[in-house]
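Take a walk through this structure with me. We begin with the whole fold and then stop at single places along the chain.

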Amino acid sequence: MIMIFKTLCINVGSNCNRACSYCFRNNYDRTLAEAKLTDDMLDFLRNKAALFKRIAFCGGEPLLYLDSVTKMVEAIPLFVDKYIYTNGTLLNEELVYYFNANNVTVVISHDGESTKLLRGYDVLETHLAEISKVDKLGFSSVITPSNLDLKKVYSYIKDKVGRDFVHRLNFYLENGSDDQALDGFDYNLLRRYLVEYIALHPEQYDILNYCDNEDRNLGTQVLLNGDVVCMTTLKRYGNLLYDDEETLYSNIKQSYQCGECQYYPVCTGKKQLKSKHYCELMRIIIEAKY
């Protein structure tokens, strides 16, 4: 499996205690992601987790599935890098201590000074004390027309937390229900801001997981029962636990919606996500990097 997936992203479920209007998970039936954690999945993690570059837990809000998350964390060797992507509103000191003790990077969803506009709340105003105690801290920012200046996004968070952190940029994907977030998306301006951001924070760029064929998951996520699915539609490609690599890769490739273009060799490989917006983003990201 390591030949296909470098990062294993486990979708623990799509329930969430917030309702961000631009969430791409609004585009599918969230019940499709509700799978029970199986013993086979835990055995797989005990035996195979060390093969992956990193293992990430996402949702929904993964802290709503804490029982499943802790069982998986404890099945994974301590030295394996683990990430949990959370809105942070359910963090408390006990959880922070647990994640610190188990080599888990806590990645908080936050969009800079536009976060209240985009999310309706600012977790740095309500949970800064808990967040400040996280040993391995990251932030994940969704970039829309309201916060294209990536330097400002980073600086806003840095000023609040007063320390360095991993910064994961997530460029807005169409969610099928609120694509007004595409209105006024200035791609040329984004490219300029991205070049400036990379120049100031070159250490962050590998965290983007774009254009990096050594850190790919092919636009997939894995459910608690091992099902491998498309990250934006939950279309099933097979099962991580029972299907061989060739079968999974063949099924994923059959879902590709794009033909080869000049960017194909250095694109993310998430070609089943093709859209006019997504491909324009890839062009900008690739050009900014190279």
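The secondary structure comes to 10 helices and nine strands. Helices (H or I, at least four residues) and strands (E, at least two) are DSSP runs, numbered from the N terminus. This is a predicted model: local features need pLDDT of at least 70, side-chain atom pairs count only at pLDDT 80 or more, and totals for chains, interfaces and linings use all residues. Residues are numbered from 1 along each chain as its sequence is written, and side-chain values use heavy atoms, with hydrogens and water left out.

The protein has 290 residues, and 56% of them are buried. Buried means under 20% relative accessible area, exposed over 50%, and partly exposed in between (1.4 Å probe, protein chains only). Now turn to contacts, meaning heavy atoms within 4.5 Å. Of those with a separation of 6 or more, 71% join residues 24 or more positions apart.

Go next to helix H10, residues 276-289. Its 14 residues reach 20 Å from first C-alpha to last, close to the 20 Å expected at 1.5 Å a residue. The expected span is 1.5 Å times one less than the number of residues. Several H10 residues are buried, among them Tyr278, Leu281, Met282 and Ile285. What covers the buried residues of H10? Strand S6 (166-171) and helix H8 (187-200) are included in that cover.

Tyr263 lies in the loop between helix H9 (245-254) and H10. Tyr263 counts as buried because its relative accessibility is 19%. Leaving aside neighbours within four places in sequence, Tyr263 is in contact with Arg283, Ile286 and Glu287. Glu287 is 24 residues from Tyr263 along the chain, yet their C-alpha atoms are separated by 9.3 Å.

Met282 also takes us to the second largest pocket. About 190 Å³ of space lies there. Of its 14 lining residues, the closest to the centre are Cys258, Cys261, Cys267, Cys279 and Met282. A pocket is an open set of points on a 1 Å grid over the protein atoms alone, where a 1.4 Å probe fits, with protein on both sides within 12 Å along at least five of seven lines; lining residues have an atom within 4 Å of a point. Points are joined across faces, edges and corners, and the volume is the space filled by probe spheres set on them. The lining has nine nonpolar, one polar and four charged residues. Here Ala, Val, Leu, Ile, Met, Phe, Trp, Tyr, Cys and Pro count as nonpolar, Asp, Glu, Lys and Arg as charged, and the others, Gly among them, as polar.

Another loop runs between strand S4 (104-109) and helix H4 (115-119), and Asp111 sits in it. Is Asp111 buried or exposed? Asp111 counts as buried because its relative accessibility is 0%. Residues up to four places away aside, Asp111 touches Tyr22, Arg119, Ser140 and Asn147, among others.

Last come some backbone details. Most residues other than glycine have a negative phi, and most peptide bonds are trans. A cis peptide bond joins Gly59 and Gly60, with omega about 20°. Asn103 has a positive phi, near 55°. Leu234 has a positive phi of about 65°, and lies in the loop between strand S8 (227-230) and strand S9 (236-239).
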